Structures are given as structure tokens and as C-alpha cells.
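Let's walk through this model together, one question at a time. Have the structure open as you read.

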Amino acid sequence: GNIYLGGTGSANALDDYETGTHTATITPTTSGSVTLSTNTLSYVKIGNIVHVQGYLFISSVSSPVGTFRISLPFTSADYSSASLSVNSVNSNNASDFWGIVDTANNYITVYLGDSNNVQADSAQELKSNTDMRIQVTYYV
């Protein structure tokens, strides 16, 4: 049966709840490639809201150029636009990235943050042996 919130009508029924994992990919938007050795993100979907979180480990890169995209388990709603922070650290550098879940897409486009703006050259900052922690909530 359903759980009803605020009334017993069908509009009040919580009829969609799902948990699972998503095998993520990272894709540079212009050229190059990124290989992940740890690529599983967890998600909880309640109604039309999805919360995704996890840890990705970049094992190698091959000349990535442009921004980069991280795949998501569900396509976002037409009216959805959510932002997130992605922190990336390896032994040589630490980068702050800023991402957006654009409408009607199943990925996060990630930009490189600087003190005044965001840059469309985030993929060039990806390095081998880098870990990323991701947390995002968006509408589907």
C-alpha cells in the first residue's frame, strides 16, 4: 500500500520510493577521456526528488579538454536546475569545481571555480589518482 501525507486522496499518496546504485562515468565535453576505478554512486528516489552521493576515483586520464560531465541515474525534470559542489583532491593539487544539473539531462556539467567566476576548462584539472566526493539533489 501507499503512505498518505496530508490526506487520503491519490494526490497525497507517496507511491514512488527507490534506492539503488548508479555506475557513473566522467566525460570531457571537448575531447579526451577519463577512466574511473571506483565509479559507484548511491541514490534514493522519493517521488520526483533524487538524492545522489558517492565517491569516484580517477585512475587515469588521456588529454581531457573542456568542461566535464558526471552521469546521473535519472534524467532531470524540464524545470530542474540544481547546483552542487564537487571537491577533488590528489597528492599534487586540490580543485574546487562547480556543477549544474541542466534541465532534461542525466548528467552534471562541471566547471572550474575561481575567485570571481567559473571557467569552462575543468576537464584539464582532472588528474590520475584523484578522488572526488559528490552529493546532489535534483528533480526528475
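Helices (H or I, at least four residues) and strands (E, at least two) are DSSP runs, numbered from the N terminus. This is a predicted model, in which local features need pLDDT of at least 70 and side-chain atom pairs count only at pLDDT 80 or more, while totals for chains, interfaces and linings use all residues. Residues are numbered from 1 along each chain as its sequence is written, and side-chain values use heavy atoms, with hydrogens and water left out.

Q: How many helices and strands does the chain have?
A: Reading from the N terminus, the elements run β-β-β-β-β-β-β-β-β-β-β-β-β. The count is 0 helices and 13 strands.

Q: Is lysine 45 buried or exposed?
A: Lysine 45 sits in strand β6 (residues 40-46). Buried means under 20% relative accessible area, exposed over 50%, and partly exposed in between (1.4 Å probe, protein chains only). The relative accessible area of lysine 45 is 10%, so this residue is buried.

Q: With which side chain does the side chain of lysine 45 make a polar contact?
A: Contact means heavy atoms within 4.5 Å. Leaving aside neighbours within four places in sequence, lysine 45 is in contact with Asp16, Tyr17, Glu18, Val50, Phe74 and Val140. A polar contact is a pair of N or O atoms within 3.5 Å; within protein, one must be able to donate a hydrogen and the other to accept it, and residues adjacent in sequence count only if both atoms are side-chain atoms. At 2.3 Å, the partner side chain is that of aspartate 16.

Q: Is tyrosine 17 buried or exposed?
A: Tyrosine 17 belongs to strand β3 (residues 17-23). Its relative accessibility is 54%, so tyrosine 17 counts as exposed.

Q: How many residues apart in sequence are the parts tied together by the pair of tyrosine 43 and phenylalanine 74?
A: Rings of Phe, Tyr and Trp (its six-membered ring) pair if their centres lie within 6.5 Å; planes under 30 degrees apart count as stacked, over 60 as edge-to-face and the rest as tilted. The whole structure holds 2 aromatic pairs. Tyrosine 43 and phenylalanine 74 form an edge-to-face one, 5.1 Å centre to centre with 90° between the planes. Because tyrosine 43 is in strand β6 and phenylalanine 74 in the loop between β8 (68-71) and β9 (82-89), the parts tied together are 31 residues apart.

Q: What is the arrangement of the rings of tryptophan 98 and tyrosine 111?
A: Their centres are 6.4 Å apart. The planes stand at 45°, so the pair is tilted.
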